[in-house]
Amino acid sequence: MNNKVAIQGILGSFHHQVALEYFGKEVVVDECLSFDALVDSLINKESDIAVMAIENSIAGSIIPNYALINNHDLHIIGEHYINVHHNLLVLDGQTIDDIKEVYSHPMALLQCKAFFRQYPHIKLIEDADTAEAARRIHQGQLKGVGAIASKAAASIFELKMLAEEIQTIENNSTRFVIVKTKNSVIPKEEINKASIMFELGTKRGSLATVLNVMSDCKLNLTKIQSLPKIETPWRYSFYVDVTFETYEDFEKAKALLNIMASHFKVHGEYKNAKK
């Protein structure tokens, strides 16, 4: 794997962990501090492929990322799941009583809320990235400040893990998608999952009819997310993930949805990482 991979965050972030697991230890990454910057990296050809978090088992969908994929015509060519383990990182020698502020990505803060209820003196502050908060503590040798980040970040930035595994729910899994500006060529016999988007008219029962068609075509719906159409108030786009046994079943469903939906788009056809 010689291509550069855009990640949201820096070395030691969970996106970096996914890049290492999916592409191998020799992966070269382009560090982006926002998902918008990640998409820009792809479009401007600063990177060839990108890793993007799309949903979490505790916090739910990362809704803006659905719109980014759709609006920039990105293609999902794969997916990867990781179990997220959050840790409270501080400079060596600090105790929990010393810590007045903790920085991390909003999603990480949300996933660790219960832990910090024990420590009302600590102020939780949103940051661009988990590992970036850890790096800043290391670079500035900041006392009284903590970061929620991975064990890898603790090692990279020489910080002490004051508390380990502080996420509220032990089974905390995040799904990431692998995206490109062009579709990947995967043999049809290996494709068993797809991400699609469609829009429907206001006719009563239209969504139920579409879902019935998917069922009749032997598609298993694993995710449905609606997003409002900004330019058309009270109209919605539906983002759906489906799995299937044979590509022929999905092809049949695509042909029907193309007719039934006012707008239909395939965001990606790829291998189901959970199978």
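Modeller: Helices (H or I, at least four residues) and strands (E, at least two) are taken here as DSSP runs, numbered from the N terminus.

Colleague: How many helices and strands are in the chain?

Modeller: The chain has nine helices and 15 strands. With a radius of gyration of 21 Å, close to the 19 Å that the globule rule gives for 275 residues, the chain is as compact as a globular protein of that length. The radius is taken over C-alpha atoms, and the rule is 2.2 Å times the number of residues to the power 0.38.

Colleague: What is the provenance of the coordinates, and what are the conventions?

Modeller: This is a predicted model, in which local features need pLDDT of at least 70 and side-chain atom pairs count only at pLDDT 80 or more, while totals for chains, interfaces and linings use all residues. Residues are numbered from 1 along each chain as its sequence is written, and side-chain values use heavy atoms, with hydrogens and water left out.

Colleague: What box do the C-alpha atoms fill?

Modeller: Along the principal axes, the C-alpha atoms fill a box of roughly 65 × 45 × 35 Å.

Colleague: And what percentage of the residues count as buried?

Modeller: Of the 275 residues, 51% count as buried. Buried means under 20% relative accessible area, exposed over 50%, and partly exposed in between (1.4 Å probe, protein chains only).

Colleague: Which share of the contacts comes from residues 24 or more positions apart?

Modeller: Such residues account for 72% of the contacts with a separation of 6 or more, where contact means heavy atoms within 4.5 Å.

Colleague: Turning to cysteines, how many disulfides does the structure hold?

Modeller: The structure holds zero disulfides, a disulfide being a pair of cysteine sulfur atoms within 2.5 Å.

Colleague: Is cysteine 112 buried or exposed? And cysteine 217?

Modeller: Cysteine 112 counts as buried because its relative accessibility is 0%. Cysteine 217 also counts as buried, at 3% relative accessibility.

Colleague: Where does aspartate 92 lie?

Modeller: Aspartate 92 is in the loop between strand E6 (87–90) and strand E7 (101–104). Its relative accessibility is 67%, so aspartate 92 counts as exposed. From aspartate 92 to serine 184, 92 residues apart along the chain, the C-alpha separation is 46 Å.

Colleague: Where is threonine 246?

Modeller: Threonine 246 occupies the loop between strand E14 (236–243) and helix H9 (247–260). Threonine 246 is partly exposed because its relative accessible area is 33%. Threonine 246 and alanine 273 are 27 residues apart in sequence, and their C-alpha atoms are 16 Å apart in space.
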